[in-house]
Amino acid sequence: MRPMPDVDLVNLVGLPEVQKELALTEEQQRKSKATVDQLQEQLRSIREGFDFREVFELEPEERDKKFAALFARQEEAGQKSLKELNSLLDRKQWSRLSEL
């Protein structure tokens, strides 16, 4: 699978150790959990609508197009969640998250 840095960064905030490191408030923890949960559900939904067996039976060019569309939808979901997360964190927290 192709790396998805936006998705990875959002998921990172869901970890209790990272929340502690960032010194998230209870409200930030609650809102970030909702963002992570929503992203996970979106990604699950995107994957459920994708038939991997069918795709591997396609010609390479067509298969590449299908995978590109899948990755684009996943990246879009990750970017949206990252934007939400950005509005939850202050500059110091965001800077520290970017370092992790």
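Ser81 is buried, with a relative accessible area of 1%; buried means under 20% relative accessible area, exposed over 50% and partly exposed in between, with a 1.4 Å probe and protein chains only. The model is predicted, so local features need pLDDT of at least 70 and side-chain atom pairs count only at pLDDT 80 or more, while totals for chains, interfaces and linings use all residues. Residues are numbered from 1 along each chain as its sequence is written, and side-chain values use heavy atoms, with hydrogens and water left out.

Ser81 belongs to helix α5; helices (H or I, at least four residues) and strands (E, at least two) are DSSP runs, numbered from the N terminus. Apart from its neighbours within four places in sequence, Ser81 is in contact with Val10, Thr35, Leu39 and Gln42, where contact means heavy atoms within 4.5 Å.

Helix α5 covers residues 60–88, and its 29 residues should span 42 Å at 1.5 Å a residue. The expected span is 1.5 Å times one less than the number of residues. The end C-alpha atoms of α5 are 42 Å apart, which agrees with the expectation. An α-helix has 3.6 residues a turn, so residues three or four places apart point the same way. Within α5, the buried residues are Phe67, Leu70, Phe71, Gln74, Ala77, Gly78, Ser81, Leu82, Leu85 and Leu88. The buried residues of α5 pack against α1 (5–13), α3 (26–48), α4 (52–56) and α6 (91–99).

Glu62, also in helix α5, is partly exposed, with a relative accessible area of 35%.

The next subject is how α1 packs on α5. Their axes are 8 Å apart and the helices pack at an angle of about 45°. Axes are lines fitted to C-alpha atoms, for helices over the stretch in contact, and angles run from 0 to 180 degrees between N-to-C directions. The angle makes α1 oblique to α5: angles under 35 degrees count as roughly parallel, over 145 as roughly antiparallel, 65 to 115 as roughly perpendicular and the rest as oblique. The crossing of α1 past α5 is left-handed, a term for a near helix turned anticlockwise from the far one by less than a right angle, with right-handed used if it is clockwise. From α1, the contact is made by Asp6, Val7, Leu9, Val10 and Val13, and from α5 by Gln74, Gly78, Gln79, Ser81, Leu82 and Leu85. By class, this contact of α1 with α5 has six nonpolar, four polar and one charged residues. Ala, Val, Leu, Ile, Met, Phe, Trp, Tyr, Cys and Pro count as nonpolar, Asp, Glu, Lys and Arg as charged, and the others, Gly among them, as polar.

Helix α6 also packs on α5. The axes of α5 and α6 come within 8 Å and cross at roughly 135°, which makes α5 oblique to α6. Leu82, Leu85, Asn86 and Leu88 of α5 make the contact with Gln93, Trp94 and Leu97 of α6. The contact of α5 with α6 has five nonpolar, two polar and no charged residues by class.

Helix α3 has 23 residues and reaches 33 Å from its first C-alpha to its last, close to the 33 Å expected at 1.5 Å a residue. Gln28, Ser32, Thr35, Val36, Leu39, Leu43 and Ile46 are buried in α3, and the buried residues of this helix pack against α1, α2, α5 and α6. Gln38, in helix α3, is partly exposed, with a relative accessible area of 33%. Leaving aside its neighbours within four places in sequence, Gln38 is in contact with Lys80 and Glu84. The C-alpha atoms of Gln38 and Glu27, eleven residues apart along the chain, are separated by 17 Å.

The axes of α1 and α3 come within 8 Å and cross at roughly 135°, which makes α1 oblique to α3. This crossing of α1 and α3 is left-handed. Val7, Val10, Asn11 and Val13 in α1 meet Ser32, Thr35, Val36, Leu39, Gln40 and Leu43 in α3. The contact of α1 with α3 has six nonpolar, four polar and no charged residues by class.

Most residues other than glycine have a negative phi. Ala23 has a positive phi of about 55° although it is not a glycine. Ala23 is exposed, with a relative accessible area of 55%.
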